[in-house]
Amino acid sequence: VREAFGWAYGSVWGLDTTGLQPAMRFLADSGHVNAEFERVTLSTAFVEGQGIVGRAWRSHDLVFVRDLAEVDDCPRAPVARRAGVRSGVCFPLVWQGRVQATMDFFTTVYLEPVPSRLEALRTVGVVVSQALEAIALADVERARAEELAAVTEVLRSLTAAASEDDAVRGALDAVRAEFGWQYGSFWRIA
């Protein structure tokens with residue numbers, strides 16, 4: 001996206017729900033601003049509504065800022081402005097019914113995008129979201145298929161068992177092998 005639009009920098013922020021408050025945290029970038037901007041980016045997290053990342057998250061829509069000087073709640077904005085960054089845009093990446101990530105982009109010139117350009121960016125956000133959702137669904141389906149294969153293998157080993165010990169050993173070996181574990185054990189109450 002960054003290259004197609006000729007922008008200086010772009011980054012992806014992913015939803016982190018492990019802390020006390022959900023936040024968008026840096027995942028990856030493309031392009032370069034300067035070392036100071038990189039340091040600030042790596043140490044920044046956005047809460048919902050903060051900066052253009054948080055605004056896109058809250059609104060579930062594209063956020064365009066002609067002049068980053070207008071963004072007073074973003075730790076990266078002052079550093080970006082000093083480095084010559086002028087305009088920014090951010091769109092949410094939505095799958096499974098919620099914003100899971102955002103993509104932001106910055107330019108070293110002031111942009112005056114026409115409405116059709118903003119719609120094109122919204123469409124890019126939708127297409128990327130759909131691709132990520134398809135990947136997530138494929139991962140879920142792959143996990144389900146692996147679980148079904150494991151259950152089938154356990155059932156196969158149980159039906160082939162001639163004794164209780166054979167059943168225990170077969171089930172233990174099947175579970176260990178199907179889930180890729182190196183070791184498994186069975187304990188009996190004496």
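This is a predicted model: local features need pLDDT of at least 70, side-chain atom pairs count only at pLDDT 80 or more; totals for chains, interfaces and linings use all residues.
Biologist: How many disulfides does a search of the whole structure find?

Modeller: In general, a disulfide is a covalent bond between the sulfur atoms of two cysteines. Here the criterion is a pair of cysteine sulfur atoms within 2.5 Å, and the search of the whole structure finds zero. Cys74 is in no disulfide, its nearest cysteine sulfur being that of Cys90, 9.9 Å away.

Biologist: Is Cys90 buried or exposed?

Modeller: Buried means under 20% relative accessible area, exposed over 50%, and partly exposed in between (1.4 Å probe, protein chains only). Cys90 has 0% relative accessibility and therefore counts as buried. Cys74, at 12%, also counts as buried.

Biologist: In what order do the strands form the sheet?

Modeller: Helices (H or I, at least four residues) and strands (E, at least two) are DSSP runs, numbered from the N terminus; two strands pair if DSSP finds at least two bridges between them. In this model six strands form an open sheet in the order 3-2-1-6-5-4, with antiparallel pairing. Strand 3 (45-46) and strand 4 (63-65) stand at the edges with a single partner strand each, so one side of each has no neighbour in the sheet. Strand 3 is joined to strand 2 (residues 23-31) by two bridges, and Arg25 stands opposite Ala45 in strand 3.

Biologist: Which strands does helix 2 touch?

Modeller: Contact means heavy atoms within 4.5 Å. Axes are lines fitted to C-alpha atoms, for helices over the stretch in contact, and angles run from 0 to 180 degrees between N-to-C directions. Helix 2 (residues 35-43) packs on the sheet and touches strand 1 (9-16), strand 2, strand 3 and strand 6 (98-107), its direction making about 15 degrees with that of strand 1.

Biologist: What is the phi of His60, and where is this residue found?

Modeller: Most residues other than glycine have a negative phi. The phi of His60 is positive, near 55 degrees; His60 is found in the loop between helix 3 and strand 4, and is partly exposed at 45%. Gln96, not a glycine, has a positive phi of about 55 degrees and lies in the loop between strand 5 and strand 6.

Methods: Residues are numbered from 1 along each chain as its sequence is written. Side-chain values use heavy atoms; hydrogens and water are left out.
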